[in-house]
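This briefing is meant for someone meeting the structure for the first time. Please look over the sequence and the 3D view, and then read the grouped points that follow.

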Amino acid sequence: MSMSKLFKVTTKAAIFDPNNEHIITISMNQNKDWGLPGGHVDDGETPDDAILRELLEECGVCPKNLQRKDFFMHSNGKVVLAYIGGIDDTTLNSQQGEIEGVPKWLSLDEFKTIQIEPNYRKFVLENWPE
């Protein structure tokens, strides 16, 4: 039995703009709930490949210097592999017809006020670049 059958693993990323003033977030349910871009690792895919695929699908971005930074439990029991990175081109474009939410840039002040998984908030605030 493979480990993927025992633990649900997902990838998420904190992606910052060139000035480290904004982060990409995913707006769901008309801004009632928010998430970070990312998603599940497909069978036979590495987590690094999965996060790059998800960032392209959900936001239309291909970050530079993407690095695995941390892992933690989501409140729903999934293991989250968390990445950080930056991009030069700040154009966001969902390639999924925004089926999983609308990608949006938020400032630090805006980010602090949104409804989001507590461990996502903690990860982002601990890793927001100076």
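Strand β1 runs parallel to strand β6 (residues 79-86), and eight bridges join the two; strands are DSSP runs of E with at least two residues, helices are DSSP runs of H or I with at least four, and both are numbered from the N terminus. The model is a predicted one, in which local features need pLDDT of at least 70 and side-chain atom pairs count only at pLDDT 80 or more, while totals for chains, interfaces and linings use all residues. Residues are numbered from 1 along each chain as its sequence is written, and side-chain values use heavy atoms, with hydrogens and water left out.

**Strand β1 and its partners**

- Two strands are taken to pair if DSSP finds at least two bridges between them, and on the β6 side the bridge partner of T10 is V80.
- β1 also pairs with strand β4 (residues 38-40), here in the antiparallel sense and over three bridges, and T10 stands opposite H40 in that strand.
- Strand β1 (residues 9-16) is largely enclosed by the rest of the structure, because seven of its eight residues are buried; buried means under 20% relative accessible area, exposed means over 50%, and partly exposed lies in between (1.4 Å probe, protein chains only).
- As background, side chains in a regular strand alternate between the two faces of the sheet.

**Overall build**

- The chain has three helices and seven strands, and from the N terminus on its elements follow the order β-β-β-β-α-β-β-β-α-α.
- The radius of gyration of the chain is 14 Å, which agrees with the value near 14 Å that a compact globule of 130 residues would have; this radius is taken over C-alpha atoms, and the globule rule is 2.2 Å times the number of residues to the power 0.38.
- Taken along the principal axes, the C-alpha atoms fill a box of roughly 45 × 30 × 25 Å.
- Of the 130 residues, 41% count as buried.
- Among contacts with a separation of 6 or more, 63% are accounted for by residues 24 or more positions apart, where contact means heavy atoms within 4.5 Å.

**Nonpolar cores**

- The largest nonpolar core has 17 residues, of which A14, I23, F111, I116, F123 and V124 touch the most other members; such a core is a set of buried Ala, Val, Leu, Ile, Met, Phe, Trp, Tyr and Cys residues joined through side-chain atoms within 4.5 Å.
- β1, β6 and α3 (118-127) each supply at least two residues of this core.
- A second, separate core of 11 residues includes I15, I24, L55 and V61.
- When its neighbours within four places in sequence are left aside, F123 is in contact with A14, K69, D70, F72, A82, Y83 and I84.

**Aromatic pairs**

- A search of the whole structure finds four aromatic pairs; rings of Phe, Tyr and Trp (its six-membered ring) pair if their centres lie within 6.5 Å, and planes under 30 degrees apart count as stacked, over 60 as edge-to-face and the rest as tilted.
- F72 and Y120 form an edge-to-face pair, at 6.2 Å centre to centre and with 65 degrees between the planes.
- This pair links distant parts of the chain, with F72 in strand β5 (residues 64-73) and Y120 in helix α3, 48 residues apart.
- F72 is buried, with a relative accessible area of 14%, and Y120 is buried as well, at 6%.
- F72 also forms a tilted pair with F123, at 5.9 Å centre to centre and with 45 degrees between the planes, and this pair too links distant parts of the chain, 51 residues apart.
- One aromatic cluster is formed by F16, F111 and W128.

**Cysteines and S94**

- The count of disulfides comes to zero, a disulfide being a pair of cysteine sulfur atoms within 2.5 Å.
- The sulfur of C59 is 12 Å from the closest cysteine sulfur, that of C62, and this is too far for a bond.
- C59 counts as buried because its relative accessibility is 0%, whereas C62 is exposed, with a relative accessible area of 65%.
- S94 lies in the loop between β6 and β7 (102-107), and S94 is buried, with a relative accessible area of 13%.
- Not counting residues up to four places away in sequence, S94 touches E57, E58, C59 and P103.
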